[in-house]
Amino acid sequence: MLGVHRPPRRAAVAAVALFVVAFGYAFRLVRPLSAGSVGPDAIAPVTELRRLLAGQPLEGFLTQTSKPLLDVVYGAVHALVPDWRAVALTAVVAFAVTVVLGAILAYRIGGLASAAFAAFGILVSPALLIDVSLAYAVTWLVLLLLVAGLAAVASPPRYGLAGVALMLGTLARPEGVAVTLVATAGLIVAEVMAIARRGTHPPRTAYRLLIGFLAIPILMAHDGLLFGNPLYWANAAAENSAGRNTLGLVGMVGWMGGHFVSQAALLPLSAVAVWLLARRRQWPILLGLLGVILGIAGLFVVSGARGTLIPARYLFPIDVGLVFASAIGVSALDLPSVRRDASRWIGAAPAATALPIALGLLAAVAVTPISLLDAPARSEVSRNLALHANANRVMGLLRSTLGPVPSWRGLPAGSGFEPQPLLIVAPQIRQQAVLDLDLPLTEVAYDWPRFVYPSNGRPAPGTLLYLDRHDDHNAHSRRELQISQPTVIAGRRYVPVYVSRQRGIWVLRVEAAGS
């Protein structure tokens, strides 16, 4: 199908066909050219690149963990085509490439059955569908880990390229450093065993995997310039969790264990994969899988024990890692004896090709989560698309209603909001409002109670308020502001500027009651 052992033309045709299928599948589900759904973690890097190019630190509050790779990729795309649909389309292309690379790597390790399983499992992954619906970074991390895997299984292994891919993956999502940490631990163990048993040492070139650690000084330089704190990337999540209920060590272990139990259908084949890779002495791939599955899990357990709130979406790389591990495990079921028996009935060529592909697909259908059948995932994607489609419609209205706006250029470094911001929006829309309206970060606030509490006279007159019922945080708590005519509440007059109940949009201007 996709492996190097097939004729090059057939392999290329299969790869292109799989890319087209994956692209079409994601394009149909996330509608990048109509919804233009790009979440705050994908828009914040564009803000960061603007500030870096202007040579100034961030002037206000930014909760997103640094992702310098997305600064470059999404920042460049948005600079060339200043439309969020271009960024959304870029994420769909990255997803399609990820599906193809996953199938190729699985084929090179486990054959056609593994390739078919990996292609289907990654294609229909609910985790990746949710990630792509917001143009987030898990897809980029997985893509680069697959590049590292392909470099490691090349003949001869290209460990330098693998190390660069690990570095770039960590610059997409900092937890990717767990894979480099596990690889380093594996090299140390191999060196100790070689000394103890007077055996063969790992090849010197394998230490090029440590290039992955170069992501850390890059992150430090990035955050030092933007935040004045070189370790912001390591502490942002903990700082954002302050005052919230966290689980502690025991609670995190239980929560992480519960997540693995929820993926129980994938665990037997994943365990078989570990056994197969150890038996075949395919240590780079084994260490990579352990890094993705156990390394990232361990990193989050430690982070959660330190008081960090870990959202479930942070575990998406682990879910994809289990799918890929299961794809390797299914190769144990692709028995030569079964092929020989089948060839007597259906011919040698179909038995060698169609049979393992069918085996991989049937196994994948049986055990992998399927996005089209996952109601919570489909609901979240639908909400994301509706929220951002609404935002794209409203931004022009907000721009004309705000009138002249202050410039962010030349402002000093800061980490807060103005006490009376010009604009208040849902958390998922804030970064888009900052970019589309060219506002300082200080002037766009979340619709938190400290800013939106009508019965206590907040927000202040002069504020513009954008509410959307698809916001998953505060929409239902703002029902008193879902109005269609001027309404006075606690000394403030809320004047609808634009209302669409059908789409769930309310844009209100706040005035003094006597206006």
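The expected span of a helix is 1.5 Å times one less than its number of residues, and helices are DSSP runs of H or I with at least four residues, numbered from the N terminus. This is a predicted model, where local features need pLDDT of at least 70, side-chain atom pairs count only at pLDDT 80 or more, and totals for chains, interfaces and linings use all residues. Residues are numbered from 1 along each chain as its sequence is written, and side-chain values use heavy atoms, leaving out hydrogens and water.

**Exercise 1.** Work out what span helix α15 should have.

Step 1: Helix α15 covers residues 316-329, which makes 14 residues.
Step 2: At 1.5 Å a residue, α15 should span 20 Å, and its end C-alpha atoms are 20 Å apart, so the two agree.

**Exercise 2.** Decide whether Ser270 is buried or exposed, then find what it touches.

Step 1: Buried means under 20% relative accessible area, exposed over 50%, partly exposed in between (1.4 Å probe, protein chains only).
Step 2: Ser270, in helix α13 (residues 267-279), has 7% relative accessibility, so Ser270 counts as buried.
Step 3: Leaving aside residues up to four places away in sequence, Ser270 touches Leu322, Ala325 and Ser326; contact means heavy atoms within 4.5 Å.
Step 4: A polar atom of the Ser270 side chain lies 3.4 Å from the backbone oxygen of Leu322.

**Exercise 3.** Classify Leu249 as buried or exposed.

Step 1: Find Leu249 in helix α12 (residues 248-262).
Step 2: Leu249 has 51% relative accessibility, so Leu249 counts as exposed.

Technical notes: Helix = DSSP H or I, 4+ residues; strand = E, 2+ residues; numbered from the N terminus. Polar contact = N/O pair within 3.5 Å; in protein donor to acceptor, adjacent residues only side chain to side chain.
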